[in-house]
Amino acid sequence: MASAFHGVTLYLVVLLVVATLGPLQFGFHLAELNAPEDVITCRKTSISAVKRAISFFKSDPPVAAPTDCIPMGRPAFAAISAIFTVGGLLGALAAGPFTSSRGRRRSMQATAVFYLVGSIVETIAASVPLMILGRFLTGVGAGASTVIVPLYISEVAPPAQRGFFGAFTQISINVGILFTQSLGYFLSHDGAWRWILGSGVIIAIIQAAGLLVVPESPAWTASVRGDMVRARRVLQRIRGKHANIDNEVDAWGEGDGKLTNEEESLLAGESSTSLETSATLLSPQVSASRPDKTTLGFVQVVRDPLYRPAIIAVVGIMFAQQLCGINSMIMYSVSLLRDLLPTSSALLTIIISVINLGTTIAASPLPDKLGRKTCLLVSIIGQGTSSLALALSIVFELKIMSAIAVLLFVAFFAVGLGPVPFIMASELVGPEAVGATQSWALGASYIATFLVAYLFPIVNEALNSALGGAGWVYFIFAGFAVLWAGFVTRNVPETKGKRDADEVWGRTRRTD
């Protein structure tokens, strides 16, 4: 993995850390209600390990006084949980056209505002409607982040290492999940659960502050704004003073972007900081700037036969990401594993998150080494095999085999289906269509997530009642894996090492 950081500047690392705070908050808010659910809804006063440890040493009996909670039934809590996905879908659909026309930096700043306001509302909420409002706002920020941040990473990361750095989106999501579930393990008691939600406010403030010094994507600045001079200067700082950036600049297709004597004199007085923090503004003195280019919208890309295969591919792999069953494990593993391992439900959730994060980090170099398509196929086939093993082990009550199958199931997801879809959506089309394509991809992901979240417990219970026992639903996931492996083989091209979308699809670029 150390070789993946060869030639990477500290400045680039800082940019990536700030940018990935958006996906981190996606994971944070996705899982923030998992551990403290019973405390928030007034069913229990505590499920906290710390609270139990303290009460163990107390001689006084526990006080049954009302806690700081919001009385509600399961339907109301389900609405609070599900509205995050609805907000995410809206954010994903709106983010593509917005980031294509306004830029990546300004779009990330908008997500920070949604995260901040939504987190504040959630933290102080004393009723179900306010909780729904807060979750909806954070959902919008989350959906937009999962569109914008992978684009930004793919455009600032070195071309040979885009697969590696593209995995940072999924890694950050997993860090957010692990962080909030760890907080929940210790703070799910009395009114302390509000500190879990309040942590989202702190993260949003850090994100907003960091984005003040993050530059606009050089590729977007050159391709959409036509400002080659500014784009080249920003890219040079990201790559390092002595790095050769000519090949990357040539890929923008806007000329070499080198400064003339007149432009050098005009820009000589500008500090690098002012160039970066005002990267979204056109400089009227720079004659190399060109009028804004046309970007394609959400409907345009699917109507255009040039882009339609890419839309089919990204929507398909996003559905594969969810319909192979990962969220059935992330969201319902507590009840599934309760009789498999001798530990608490909250701790089980943390263990699953640690495994998911660890394997995601370990597998992050694979898309650049093996190829995106290969990683997808290995991941799908591995998850399908694990689903089959899990189904059989649950049906025949083989607890050790069930535990191993769960670990493999999560590990295989991290190999390909976790990070690769976020990478490929920005590699299958040109800059003029990448925003809308990401919106299609993330829109499909949120719809598929919604389907799994709601249908899994229903289908699982129906099959268990009809066939007797448990585990039958994982035969369905194994069957889905076979179907999605065929889809990827036929409809998804390899993007590793390809210069642009024309080369990915084997098209000949016109020169007239």
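Predicted model: local features only at pLDDT ≥ 70, side-chain atom pairs only at ≥ 80, totals over all residues.
**Packing of helix α1**

Helix α1 (residues 10-19) packs against helix α2 (residues 21-31) with the axes 4 Å apart and at an angle of about 30 degrees. The two helices, α1 and α2, are therefore roughly parallel to each other. From α1, the residues Val-17, Val-18 and Ala-19 take part in this contact, and from α2, Leu-21, Gly-22 and Pro-23. The contact of α1 with α2 comprises 5 nonpolar residues, 1 polar residue and no charged residues.

Helix α1 also packs against helix α12 (residues 228-239), here at an angle of about 105 degrees and with the axes 6 Å apart. This makes α1 roughly perpendicular to α12. Tyr-11, Leu-12 and Leu-15 of α1 meet Arg-237, Ile-238 and Arg-239 of α12. By class, the contact of α1 with α12 has 4 nonpolar residues, 2 charged residues and no polar residues.

**Disulfide and cysteine accessibility**

The structure contains 1 disulfide. Cys-42 is joined to Cys-69, with an S to S distance of 1.9 Å. The torsion about the S-S bond of Cys-42 and Cys-69 is about 105 degrees, so the disulfide is right-handed. The pair connects distant parts of the chain, 27 residues apart: Cys-42 is in the loop between α3 (37-40) and α4 (49-57), whereas Cys-69 is in the loop between α4 and α5 (74-102).

The table gives the accessibility of several cysteines, including Cys-42 of the disulfide.

| Residue | Relative accessibility | Class |
|---|---|---|
| Cys-42 | 30% | partly exposed |
| Cys-324 | 0% | buried |
| Cys-375 | 1% | buried |

Terms used: Residues numbered from 1 in each chain as written. Heavy atoms only, no water. Axes fitted to C-alpha atoms, helices over the stretch in contact; angles between N-to-C directions. Parallel < 35°, antiparallel > 145°, perpendicular 65-115°, else oblique. Contact = heavy atoms within 4.5 Å. Nonpolar A, V, L, I, M, F, W, Y, C, P; charged D, E, K, R; others polar. Disulfide = S-S within 2.5 Å. Buried < 20%, exposed > 50% of the residue type's maximum accessible area, 1.4 Å probe, protein only.
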